Amino acid sequence: MTARIVVVEDEPAIRRGVVDVLRVSGYQVDEAADGKTGLDLSTSSPVDLVLLDLLLPQMDGLEVLRGIRKKQPTLPVIILTARGSEDDRVRGLRLGADDYVVKPFSAKELLARVEAVLRRSPHRATEVLQARLGHAKLDLKRGEVRWGKESSAELSDTEASLLRYLIQHRERIVTRDELLLWVWGVSPDYLETRTIDMHVARLRAKLRDPSGKTVPDAVVTVRGRGYMASPDLQPAEAPR
Ligand code: CA
């Protein structure tokens, strides 16, 4: 899968340079010349990485970063900073930026940082293919849940992706907006978050063992905030 990168930089020459380098290296790139557009682009569709200048018209980079963090707590962000603006760099890292590069930078340096940050990103983590929930076995690749030898049920692609996403981010609460973006692939502006609640309810019902044997809850609802994988939902090694 090609990583999608948003470049937010108001200096046309620098922006062009960065965009070209990334495209030539095979990345899918969207660009913004001001902070507001940059924030919109970064939070309204599935994005793997944001390259963010700090001095920007309309909304400065630190504000953009704050906005991104609110909606996408783990979306990787690399700050593009000018030499000498150390305060901003420190503030950016404190606000949760993953790394920074100092302008002017070489194409080689930029690509090295981009690759390193993408490698560490939970969004690009190894796919979870198998999971366990009590005595139930979940095959998230084939979309199947099994209770013992006899009984099984099919999981839809969306249900499997939802479980996979929650497992990949198991250490934190995942918001409904985030699920819309990463599981459904749509902007929260286009689909109601209630859709997610309905899917979760259906998924919970589907994961009940038809024989009546108790299976723990797979998904925990965190009131007013979102969902989390339950401690009983565990990734499992694929049988060889
Ligand atoms: Ca600038």
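Along the chain, the donors of the calcium ion follow the spacing D-x42-D-x1-L. Keep in mind that this is a predicted model.

User: What makes Asp10, Asp53 and Leu55 count as donors of the calcium ion?

Analyst: Check the distances. Asp10 (OD), Asp53 (OD) and Leu55 (O) coordinate the ion at 2.1 to 2.3 Å. For Ca, the cut-off is 3.2 Å, so these atoms qualify as donors. Water is not among the atoms, so the site may look incomplete.

User: Which parts of the chain do aspartate 10 and leucine 55 tie together?

Analyst: Aspartate 10 sits in the loop between β1 (4-8) and α1 (12-24), while leucine 55 is in the loop between β3 (49-53) and α3 (61-71). The pair therefore links parts that are 45 residues apart in sequence.

User: Why is aspartate 10 called partly exposed, and why is leucine 55 called exposed?

Analyst: Aspartate 10 has a relative accessible area of 28%. Exposed means over 50% and buried means under 20%, so aspartate 10 falls in between and is partly exposed. Leucine 55 has 68%, which is over 50%, so the word is exposed.

User: How do you know whether histidine 199 is buried or exposed?

Analyst: Its relative accessible area is 16%. The limit for buried is under 20%, so histidine 199 is buried. This residue is in helix α8, and, leaving aside neighbours within four places in sequence, histidine 199 is in contact with Thr158 and Trp184.

User: Why are α6 and α8 called roughly perpendicular?

Analyst: Their axes cross at roughly 90° and come within 11 Å. Angles of 65 to 115 degrees count as roughly perpendicular, so α6 and α8 get that label. On the α6 side, the contact is made by Thr158, Glu159, Leu162 and Leu163; on the α8 side, by His199, Val200, Leu203 and Lys206. Sorted by class, that's four nonpolar, two polar and two charged residues.

User: What makes a set of residues a nonpolar core, and which members of the largest one touch the most others?

Analyst: The members must be buried residues of the listed nonpolar kinds, joined through side-chain atoms within 4.5 Å. The largest core here has 32 residues, and Leu138, Leu140, Leu163, Leu179 and Leu233 touch the most other members. Elements giving two or more residues to this core include α6 (157-168), α7 (176-184) and α8 (194-206). Apart from it lies another core of 19 residues, including Tyr27 and Leu49.

User: Which residues is leucine 163 in contact with?

Analyst: Leaving aside neighbours within four places in sequence, leucine 163 contacts Leu138, Leu140, Leu155, Leu203, Ala218, Val219 and Leu233.

Key. Residues are numbered from 1 along each chain as its sequence is written. This is a predicted model: local features need pLDDT of at least 70, side-chain atom pairs count only at pLDDT 80 or more; totals for chains, interfaces and linings use all residues. Side-chain values use heavy atoms; hydrogens and water are left out. Buried means under 20% relative accessible area, exposed over 50%, partly exposed in between (1.4 Å probe, protein chains only). Helices (H or I, at least four residues) and strands (E, at least two) are DSSP runs, numbered from the N terminus. Contact means heavy atoms within 4.5 Å. Axes are lines fitted to C-alpha atoms, for helices over the stretch in contact, and angles run from 0 to 180 degrees between N-to-C directions. Angles under 35 degrees count as roughly parallel, over 145 as roughly antiparallel, 65 to 115 as roughly perpendicular and the rest as oblique. Ala, Val, Leu, Ile, Met, Phe, Trp, Tyr, Cys and Pro count as nonpolar, Asp, Glu, Lys and Arg as charged, and the others, Gly among them, as polar. Donors are N, O and S atoms within 2.8 Å of the metal (3.2 Å for Na, K and Ca); water is not among the atoms, so sites may look incomplete.
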